[in-house]
Amino acid sequence: MRKQQSFQWEALSVGVCYYPEQWDESLWRDDLRRMWAAGIRCIRIGEFAWSKVEPVEGQFTYDFFDRFLAVVAETEMKVIFGTPTATPPAWLTERYPEVLNCRQDGVPYRHGMRRHYNYNSPVYQRLSARIVEAFASHYAPHPSVVGWQIDNEINCETGDFYSESDTAAFRVFLREKYGSLDELNRAWGTVFWNQTYTEWEEIYVPRTTIHNSTNPHQVLDYIRFVSDSAVRFCKMQSDIVRRYCKPGDFITTNGLFGHLDNHRMMDEALDVYTYDSYPNFAFCMKEDPLHADNLNDRRWSQHLTEVRSVCPHFGIMEQQSGALGWNTRMESPAPKPGQLTLWAMQSVAHGADYVSFFRWRTSVMGTEMYWHGILDYDNRDNRKLREVQAFADRLHNLRELAGAEYEAAFALVKDYDNDWDAELDAWHRRLTWQSEEEIFIAAQLAHTPMDILYLLDSTETAELLRYPVLFCPHSLILTEERAALLRDYVEQGGTLVIGARTGQKDGTGQCVMAPMPGLLAGATGTTVAEGTFVGPADGTVCMDWDGRELDTGVYNEVLTPTEPETRVLARYTGNYYAGEPALTERRLGKGKVLHFGGSFTRETVLAFLNSLNLSEPWGDLLTLPADCELCVRRKGETRLFFVLNYAATPQTVTLHAPLTDAETGEGVEGDVVLKPYEVKIFRN
């Protein structure tokens, strides 16, 4: 069982990111005054300001932030201080080039961007520990400082590290894991293509190869190593900061990035997790997760669901307030009137109890000069500032919602081994990424709030039993411990839905010589006769499920029942396996397993949700159009229903029973019209 998070906000509140080092001191006092007037009660500072405290090696000066905190102390504004290790100063990288991260071919990333360091350089670890201690020992006692952010967006920009320090640390990591080269060679399958290692010094982090194809089992361990390195680096800093924190102060970090076990980092190093929410990234990347009608920002609910799996009561350290862009990449439109509030409420609806906007004023310099803040270059009041103030007023009226639980009808099961394996295995990736996206989209269209549940070494059956249904779409890597956990969940009353290629690999990423679904075959009462990708010439392959023709996705497996009680629910209607089983059900203990031989499409997931009585779980209270999302948070006996309109047109929601407008206190029933991008909150 995971440990409980050690910090929660007592009330919903609003903050902003601020960079006093980028602005003339004559602006500080007025900026703080205007922030306070807009309902902002906390600022984040310092995460890129190493040189303000250590301008040259070993010489420390605290004058700059002392002056700024003196101005802050004239107000009731609170401060979250960042440790500055995301941007080492020029004197450091010039004097100690071994701290630099490298490309896969060994060429160093030079000074001039950010996050150009590596976690494993002993020099960087020593100098980072020293600057963190300098920051924390001097500034943590200040009464305005209430929290600390470790580094900034750990593993952002890149989650790959190829320096000589990383190779040296990787060898230590592998020695501790395997103990001997014989065991490593077995786990990595090095007899394939004559890769056998006879000395530890022959092992490197993955290097440049023909087609850049490398040993997949080595790369899986390498990603585990990167995650371990990042967590250790974060914990090193948090251990230092914790020695100086006042009672009640918290430690966090921001973001949700790859090659990183965020759950472990949360449990070992942090008090609370914060996320950086930029829904307009979807427009930058031209994604279309729902329809063809520009509801791309709705995709960010999937990311927020992932954050909630790490930390149920999280914060937003950077909430989008303007258009996004660097001078080198990304071009996005500005938020339309109402969208700034919509996106901030999207965060709150999914569990955020603190929302900090990025940033107070758009930078006039540097790479991020097109990454717009609340205020623009001209520093005048504008519609974005008015929206922030209105949002802060709304949050103040809802402040007692802090700590409310998100209420989900089912969960999508994930684990880091399969996440990382899907990154490096194109066959795995095609199934997993599409199926996870389609499950999310179907849940959105069915207005069925969902969670994401990560299987960790500490996970217990009771955590799974919080959900009546679990979707576990493509767990290629399946260990005996995870299989036993899932089986126990079913036997105690849960419904487990699995998809194609489950149980194909062991923990090393090697394929097992056993019929799929491998270690779950005893629970499903099935084996897989054969499987294939659906080719372009095959068209769409469907299955007949109670007279409904449903797309079985990009990969199909022919299932064979092995137990008399295993029922065939659906059969393929196309390709050379027409008539063969595509979907089976087996009751086991108090629960059941549904084994689906395909990959998931939204239409198929909607059919599963209908069959399992999960579609529109709150339909007796309210009916929503497709362009609106429903989120439910519960505190005690009170539920709050967040209805978010992502469309540029008005949408009508029908309330089938009397509810209360959570913000006005007025009773409402019948049809309620939401304006473009409007959010309504109803209380039962």
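**The pocket and the sheets**

Guide: Let's start with the largest pocket, whose volume is about 1600 Å³. Keep in mind that this is a predicted model.

Visitor: What makes a residue one of those that line the largest pocket?

Guide: A lining residue needs an atom within 4 Å of a pocket point. For the largest pocket, 47 residues line it, and L256, F257, G258, Y275 and H303 are the closest to its centre.

Visitor: Which elements give two or more residues to that lining?

Guide: They are β6, α11 (300-310), β10, α14 (416-424), α15 and β11. The largest share comes from α11, with five residues.

Visitor: How do the lining residues divide into nonpolar, polar and charged?

Guide: There are 22 nonpolar, ten polar and 15 charged residues. Gly counts as polar in this scheme.

Visitor: You mentioned β6. How do you know that β6 and β7 pair?

Guide: Two strands pair if there are at least two bridges between them. Four bridges join β6 to β7 (residues 315-320), so by that cut-off they pair, and they run parallel. As one example, T274 has G315 in β7 as its bridge partner.

Visitor: And which sheet holds β6?

Guide: An open sheet of eight strands, in the order β5-β4-β3-β2-β1-β8-β7-β6, with parallel pairing.

Visitor: Why are β5 and β6 said to stand at the edges?

Guide: Each has a single partner strand, so one side of β5 (250-252) and one side of β6 (274-277) is left without a neighbour in the sheet. From one strand to the next, the twist of this sheet averages 25°.

Visitor: What is the strand order in the open sheet of nine strands?

Guide: That order is β11-β10-β12-β13-β20-β19-β18-β15-β16, and the pairing is mixed. Its edge strands, β11 (450-454) and β16 (548-551), each pair on one side only. Neighbouring strands here are turned by 25° against each other on average, direction ignored.

Visitor: How do you know that β19 and β20 pair?

Guide: Same test: at least two bridges are needed. Strand β19 (residues 581-588) and strand β20 (residues 591-596) have six bridges, so they pass, and their sense is antiparallel. L588 stands opposite G591 in β20.

Visitor: What lies across β10, β11 and β12?

Guide: That's helix α15 (residues 426-445), which lies across β10 (410-414), β11 and β12 (469-472). Helix α15 runs at about 170° to β10.

Definitions and conventions. Residues numbered from 1 in each chain as written. Predicted model: local features only at pLDDT ≥ 70, side-chain atom pairs only at ≥ 80, totals over all residues. Heavy atoms only, no water. Axes fitted to C-alpha atoms, helices over the stretch in contact; angles between N-to-C directions. Contact = heavy atoms within 4.5 Å. 1 Å grid on protein atoms, 1.4 Å probe; cavity = no way out; pocket = protein on both sides within 12 Å on 5 of 7 lines; lining within 4 Å. Points joined across faces, edges and corners; volume = space filled by probe spheres on them.
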